Each structure stands twice: as structure tokens, then as C-alpha cells.
Amino acid sequence: MRNETRGTVELTLAMVLSGTLGIFVVESGASPFDVVFFRCLFGAAALGAYVLVRGWFTGHGFTPGKLGLAALGGVFIVFNWVLLFEAYEASSISLATVVYHTQPFYVVLLGALLFRERLTAATSGWLVVAFAGLVLVSGVRPGDTGSLKGMGFALAAAVLYALSTVVTKRITGVRPHLVALVQVLVGIPLLLPFADFGTASRLGAGWAWLAGLGVIHTGVMYVLMYAAYQRLPTAKIAVLAFVYPAVAMIADWAVYGHHIGLVQALGVPLIVLAGLKVTLRARPRARAVVPGPRTAADGTEAASPAATRSA
């Protein structure tokens with residue numbers, strides 16, 4: 001129980017940090033491409049230092065095939081961040097975050113489409129419930145192009161995250177910290193052509209927010225999440241994952257005065273409930289670990305990044 005309590009604290013802290021991510025993005029004053037480029041840069045430094053200290057570069061478990069899958073997942077993850085941050089700008093952190101949390105449904109649909117995984121009647125029903133919640137949450141009125149655009153970006157980001165999840169689930173025998181490190185490293189050359197160093201050089205205090213995104217929201221947050229995954233059952237992980245959108249909505253209201261309307265608020269519990277049901281049905285009893293043997297020196301198993309949903 002003590003181990004599970006520690007995991008609960010770790011994952012709760014990770015989700016709280018994830019909920020503040022939007023504030024760091026907006027306060028940096030940088031464009032979404034610049035934000036993601038420097039998040040990858042600072043995040044790679046933070047994760048690389050952690051992995052080096054733990055000695056995990058030795059016996060890393062990568063093969064050319066696994067490295068290729070990690071890199072492909074990195075492409076999806078990086079552009080997922082770009083689209084999510086575009087959604088923050090076009091609408092609000094609250095709306096973008098709630099819509100973004102339709103990710104598990106796309107994972108299920110992609111599994112059915114790409115790998116012919118069975119789509120049960122119950123899961124299909126929850127997908128319909130989630131869609132109804134999404135319609136309510138959108139709250140889009142005629143002429144409200146900002147919200148509609150933001151919702152589109154958030155949905156596209158969720159699809160890319162789902163693609164990354166499907167790819168990453170195929171990687172076994174490699175610590176998730178190393179997979180995450182490869183993914184952010186991929187983002188550096190990938191986004192280099194889009195980075196505006198002239199504008200970035202004039203950010204001033206914005207650099208502190210960008211460094212925070214890399215060190216706190218990529219380094220510290222991922223370390224907390226992966227440590228928690230090893231200690232918690234999937235059911236608890238699924239529940240605690242919703243701390244992220246709750247904190248994001250509170251932070252958006254407290255800092256920027258943004259809040260969703262009454263009709264939109266009715267859709268939130270529908271998405272949350274449907275997401276919870278789909279997640280638990282996908283893995284009713286398993287702990288959130290990457291399938292396959294682990295080669296870590298301490299003998300522990302590392303968790304899958306797909307076990308929960310954070311930006």
C-alpha cells in the first residue's frame with residue numbers, strides 16, 4: 001500500500017504539472033513551432049541528464065526496428081504538441097484541453113482500423129457518448145471561427161497523439177525514458193527549419209517559461225509519470241489522468257479568466273466518463289507496463305507512455 005500511495009502522489013503531481021503547461025506556453029510569448037522546438041531542446045537535455053545519471057544508456061535495449069518506431073512516434077508527438085499549442089491560441093486552454101482528451105477513442109478506432117482489434121458494442125456506445133459530449137463542449141456558434149479552429153487543432157492533436165500511442169505500444173524491452181528521449185531528440189532537427197531564432201532572441205523573460213516547459217513539463221513530469229506507472233494499477237491511473245484537464249481548466253480561469261459555459265460544462269462529464277470506461281475496458285486488470293521483458297539493471301518494469309494522457 002505504501003508503494004501505491006507513493007505512486008498516487010507521483011502521478012497526481014505529474015498531472016498537476018501537465019495542467020499548468022498551457023500557462024507556460026502562453027506566457028512564453030513564442031509561436032507554437034518555437035515553443036515545441038525549445039521544449040524538445042531543453043527536454044532532451046533534462047531527460048538525457050537523468051538517463052545518464054541512472055546509467056540507462058548501457059543495455060538500452062534498442063534495435064534498429066525499435067529505434068525507428070520510437071523516431072516515428074516522435075514525429076507524431078512533436079506535431080501533436082504544435083497543434084495543441086495552436087489550439088490554445090485559437091480558442092482557450094480549457095476548450096483545447098477538454099477536446100484533446102478524446103485521445104483514447106482514437107486509439108481504439110486506430111486499433112480497429114489498423115490491427116483489426118475487436119470493437120465491442122459497449123465501446124462503440126461509449127464512443128457515441130463521447131461524441132455527444134464533444135458536441136456540447138464545443139459550444140461553437142455560427143461565426144465563432146476561433147473556437148471552431150481551436151477545436152479542429154485540438155482534435156488533430158489528439159489523433160496524432162493516438163498514432164504515437166499505437167506506435168509506441170509496439171516497442172518492448174526499452175525504458176520509456178529512453179523512448180521519450182528519442183522522441184524529443186527527433187523534434188530538434190524536425191522543427192529546426194520552422195524555428196524563428198530572430199523572434200526567439202527577443203523573448204526576454206519568455207526564455208524562463210520555455211526552459212520550464214523542457215525541464216519541468218518534459219523532464220520532471222515524465223520521470224514522475226513513469227515512476228508512478230510502475231506502482232499503480234491501470235484503474236487508478238485512468239482516474240488520476242483526469243486531474244490534468246481539471247487543473248488546466250482551473251488554471252485557465254484563475255490566470256486568464258477563461259471558462260466554459262453551462263452547456264459546454266454538461267459535455268465535460270460525458271467525455272470524462274466515456275474516456276474512463278474505454279480506458280478500463282481496454283485493460284481491465286493489467287498494470288500499465290510495456291509488454292515484454294525488461295532488461296533494466298534494477299529488474300523493474302517500465303511503464304508505457306500510453307497508459308495515461310498528458311500533453
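What follows is a short chat about a histidine and some salt bridges.

Q: Before we start, what kind of model is this?
A: It's a predicted model.

Q: OK, where does H217 sit?
A: H217 is part of helix α11, which covers residues 206–229.

Q: Is H217 buried or exposed?
A: H217 is buried, because its relative accessibility is 0% and the cut-off for buried is under 20%.

Q: Which side chain does H217 make a polar contact with?
A: The side chain of T20, at 3.0 Å.

Q: And what about backbone, which oxygen does the H217 side chain reach?
A: The H217 side chain gets to the backbone oxygen of L17, at 2.9 Å.

Q: What else is H217 in contact with, leaving aside neighbours within four places in sequence?
A: The list is L17, S18, T20, L21, F24, R39, G212 and Y222.

Q: Switching topic: how many salt bridges does the structure hold?
A: Three.

Q: Let's take K236. Which residue does K236 form a salt bridge with?
A: K236 pairs with E4, and the closest N and O atoms are 3.1 Å apart. K236 is in helix α12 (residues 234–240) and E4 is in helix α1 (residues 2–19), so this pair ties together parts 232 residues apart in sequence.

Q: How accessible are K236 and E4?
A: K236 counts as partly exposed at 29% relative accessibility. E4 is partly exposed too, with a relative accessible area of 22%.

Q: Next one. Which residue meets E10 in a salt bridge at 3.3 Å?
A: That's R6, with the 3.3 Å taken from N to O. E10 and R6 are four residues apart in helix α1, so about one helical turn separates them.

Q: What does R231 form a salt bridge with?
A: R231 forms one with E10, and there the closest N and O atoms are 2.7 Å apart. R231 is in the loop between α11 and α12 while E10 is in helix α1, so to speak distant parts of the chain, 221 residues apart, linked by the pair.

Q: Are R231 and E10 buried or exposed?
A: Both R231 and E10 are buried. For E10 the relative accessibility is 10%.

Q: Which residues do the shared partners join into one network?
A: R6, E10 and R231, through salt bridges that share partners.

Q: Why would side chains like these pair up in general?
A: Side chains of opposite charge can pair when their charged atoms come close.

How values were computed
Residues are numbered from 1 along each chain as its sequence is written. This is a predicted model: local features need pLDDT of at least 70, side-chain atom pairs count only at pLDDT 80 or more; totals for chains, interfaces and linings use all residues. Side-chain values use heavy atoms; hydrogens and water are left out. Helices (H or I, at least four residues) and strands (E, at least two) are DSSP runs, numbered from the N terminus. Buried means under 20% relative accessible area, exposed over 50%, partly exposed in between (1.4 Å probe, protein chains only). A polar contact is a pair of N or O atoms within 3.5 Å; within protein, one must be able to donate a hydrogen and the other to accept it, and residues adjacent in sequence count only if both atoms are side-chain atoms. Contact means heavy atoms within 4.5 Å. A salt bridge is a side-chain nitrogen of Lys or Arg within 4 Å of a carboxyl oxygen of Asp or Glu.
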